[in-house]
Amino acid sequence: MPKASSARRRTEPRTKARLLWQARYRKALRVQSPLLKVRDLHKSFGGVKTLTNVSFDLDRGQVLGLIGPNGAGKTTVFNIISGIYTADRGEVFLEEHAITNKSPSFIARRGVSRTFQVARTFNDMTVDENLRVGLVRGRLTRQKTNARIAEILELTRLGSRHADTVAVLPDGQKKLLEVARAIVIEPKVLILDEPFAGVGADVIDLMISIIHDLASRGVGCLAISHDIASMPRLSSDVLVLVDGQVMTRGTIDAIRNDARVVDAYLGA
Ligand SMILES: Nc1ncnc2c1ncn2[C@@H]1O[C@H](COP(=O)(O)OP(=O)(O)OP(=O)(O)O)[C@@H](O)[C@H]1O
Ligand SMILES: [Mg+2]
């Protein structure tokens, strides 16, 4: 007996120290590694190749613009990241954890939130109810839920419309509500599918400032946009997808001066 207990006394501190060191090492690895890693995605529909070899990284606090012609595969990339489509090949990692081909609810719970090209708000519910639905599954107290919703309503300037039915909102505010619904759950990664389509210049400016606010808090943001005029204000870092492949990634100035991008997209 005495032998065993003295042995335990000798090994326990070492085991503890080792476990602590391993946990710190894993945390350091997570912090140093990209927030979102997309590797070698392939996807075909009915034998027609839609994505080939799509890879890119998104860091914490980074805003990345995604551009490319209609049908290039931009939404398909988002659908794979968010679990709506399965990839034929390739991997998606969130903080080094593979989330490839997991369910949309699993991926959302892990911290990836998205908006849709066509807003998916609940039109017969109020703005407030739309936000509450997103938090139903969370473990927030009623007080914290209310505080979180109030914060998001202020950020998206929808406070004065909180009791209005979504159906009566102008398109710009519907799009803002779509963003509000995506961020109310405090995502690590926010992916936005054409948030600026069909909205006025003032809403675009507000959305850009919301995206930068989130990025300043460490959220990684990936946004598809065809609005090249606002791209420099959104991000200086742009990924170009053409025919399901990454053509290039660079600053908006470099992209504008890239003859291949002009030929395939900007010059069209
Ligand atoms: N569920 C599906 N079934 C069959 N084909 C699909 C499906 N989803 C996407 N595609 C095809 O994949 C290609 C890429 O579509 P995707 O929606 O990803 O393009 P996009 O770059 O988002 O275009 P846009 O700028 O017009 O939104 C298109 O040819 C599209 O028809
Ligand atoms: Mg699309």
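In which hand does H4 pass H6 at their crossing? Let's work towards that, starting with what kind of model this is. The structure is predicted, so local features need pLDDT of at least 70, side-chain atom pairs count only at pLDDT 80 or more, and totals for chains, interfaces and linings use all residues. Residues are numbered from 1 along each chain as its sequence is written, while chains are lettered from A and ligands numbered from 1 in the order in which they are written.

Confidence comes next. On the pLDDT scale (the predictor's confidence in each residue, from 0 to 100), the chain has a mean of 91, and 93% of its residues reach 70 or more. Helices here are DSSP runs of H or I with at least four residues, numbered from the N terminus. Helix H1 (residues 2–32) has the lowest confidence, at a mean of 69, and H2 the highest, at 98. Where pLDDT is low, the predicted coordinates should not be read in detail.

H2 also matters for the ligand site. Helix H2 (residues 74–81) gives three residues to the shell around ligand 1, the largest share. The residues around ligand 1 (C-beta atom, placed from the backbone, within 6 Å) include Phe45, Thr50, Asn70, Lys74, Thr75, Thr76 and Gln117. By class, this shell has two nonpolar, eight polar and one charged residues; Ala, Val, Leu, Ile, Met, Phe, Trp, Tyr, Cys and Pro count as nonpolar, Asp, Glu, Lys and Arg as charged, and the others, Gly among them, as polar.

Now to the helix pairs. The axes of helix H4 (residues 127–135) and helix H6 (residues 171–183) come within 8 Å and cross at roughly 30 degrees; axes are lines fitted to C-alpha atoms, for helices over the stretch in contact, and angles run from 0 to 180 degrees between N-to-C directions. As for the opening question, the crossing of H4 and H6 is right-handed, meaning that the near helix is turned clockwise from the far one by less than a right angle. Val127, Asn130, Leu131 and Gly134 of H4 touch Leu177, Ala180 and Arg181 of H6, where contact means C-beta atoms, placed from the backbone, within 7 Å.

H4 also packs on helix H5 (residues 142–155), at about 125 degrees with the axes 10 Å apart, which means that H4 is oblique to H5. This crossing, too, is right-handed.

Finally, H6 packs with helix H7 (residues 201–216) at about 10 degrees, their axes 10 Å apart, so H6 is roughly parallel to H7. Their contact has seven nonpolar, one polar and one charged residues.

Definitions and conventions: Helix = DSSP H or I, 4+ residues; strand = E, 2+ residues; numbered from the N terminus. Contact = placed C-beta atoms within 7 Å. Parallel < 35°, antiparallel > 145°, perpendicular 65-115°, else oblique.
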